[in-house]
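Biologist: Please take me through some of the terms applied to this structure, setting each value against its definition.

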Amino acid sequence: FSTVVIMTRNGFTDGNLRCADLIGHDPYPLPAAPITMVYYNLRELVKKLDGTSHVPFAVPQAFGYEGHAFFRVPSPAEIRNMTYQALAAGVRGIIFYTYYDSRFDLNKYPALYDEMLKLPKEIRNLESFFIDGRFEDIATGEKDVFCARWELPGEKLEILVNGTRERATVKRNGKEISLAPLEVKITREKK
């Protein structure tokens with residue numbers, strides 16, 4: 001049995017540790033904040049929970065409302081980017097909110113819906129890394145380009161996430177890697 005708390009604002013307190021096992025954060029950047037708030041807020045949460053028995057998880061913004069000042073419907077590239085920013089930050093779980101409420105119906109956004117169908121399958125295919133892999137946060141030299149690596153015996157996974165809306169170039173393993181705006185690159189290889 002587990003208890004859950006989801007923080008709608010960045011502002012973790014020790015009180016959260018006393019009331020829940022799973023501690024999540026739902027940074028919803030669209031349309032007003034930089035999309036990179038996802039990584040920065042969740043990385044802070046992961047660091048604060050390091051060494052505790054609590055599990056950090058993310059609730060990426062998978063919804064929005066037409067003409068709303070605070071919640072815009074994400075594009076498929078944006079939901080993919082936010083999801084992989086969360087994973088690169090080191091969270092141990094993802095909850096997508098929302099499929100349907102009184103004002104939002106994912107069925108009305110077929111491209112977003114298709115991406116939402118792909119993401120859980122893609123993550124499930126990589127979950128052994130996220131569950132059992134040794135996690136490493138890797139500096140890229142670019143402020144809003146994130147990289148994380150997970151290692152298992154004989155295999156490694158590396159995720160690069162361009163959190164900018166511009167093309168970015170980073171060096172990894174002696175090679176220059178070019179990333180399109182909001183691009184996510186996943187490299188899985190044998191060691």
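**Terms and their grounds**

Biologist: Why is Asn173 called exposed?

Modeller: Asn173 has a relative accessibility of 55%; exposed means over 50%, buried under 20% and partly exposed in between, with a 1.4 Å probe and protein chains only, so Asn173 counts as exposed. This is a predicted model, in which local features need pLDDT of at least 70, side-chain atom pairs count only at pLDDT 80 or more, and totals for chains, interfaces and linings use all residues. Residues are numbered from 1 along each chain as its sequence is written, and side-chain values use heavy atoms, with hydrogens and water left out.

Biologist: What makes Leu182 buried?

Modeller: Its relative accessible area is 11%, and therefore Leu182 falls under the 20% limit for buried. Leu182 lies in the loop between S8 and S9, and its phi is near 65°, a positive value in a residue other than glycine.

Biologist: Where is Asn173, and what is its phi?

Modeller: Asn173 sits in the loop between strand S7 (168-172) and strand S8 (175-179), with phi near 55°, also positive in a residue other than glycine. Strands (E, at least two residues) and helices (H or I, at least four) are DSSP runs, numbered from the N terminus.

Biologist: Why are strand S4 (134-138) and strand S9 (184-190) called edge strands?

Modeller: The open sheet has 4 strands in the order S4-S5-S6-S9, with antiparallel pairing. Two strands pair if DSSP finds at least two bridges between them; S4 and S9 each pair on one side only, so they are the edge strands.
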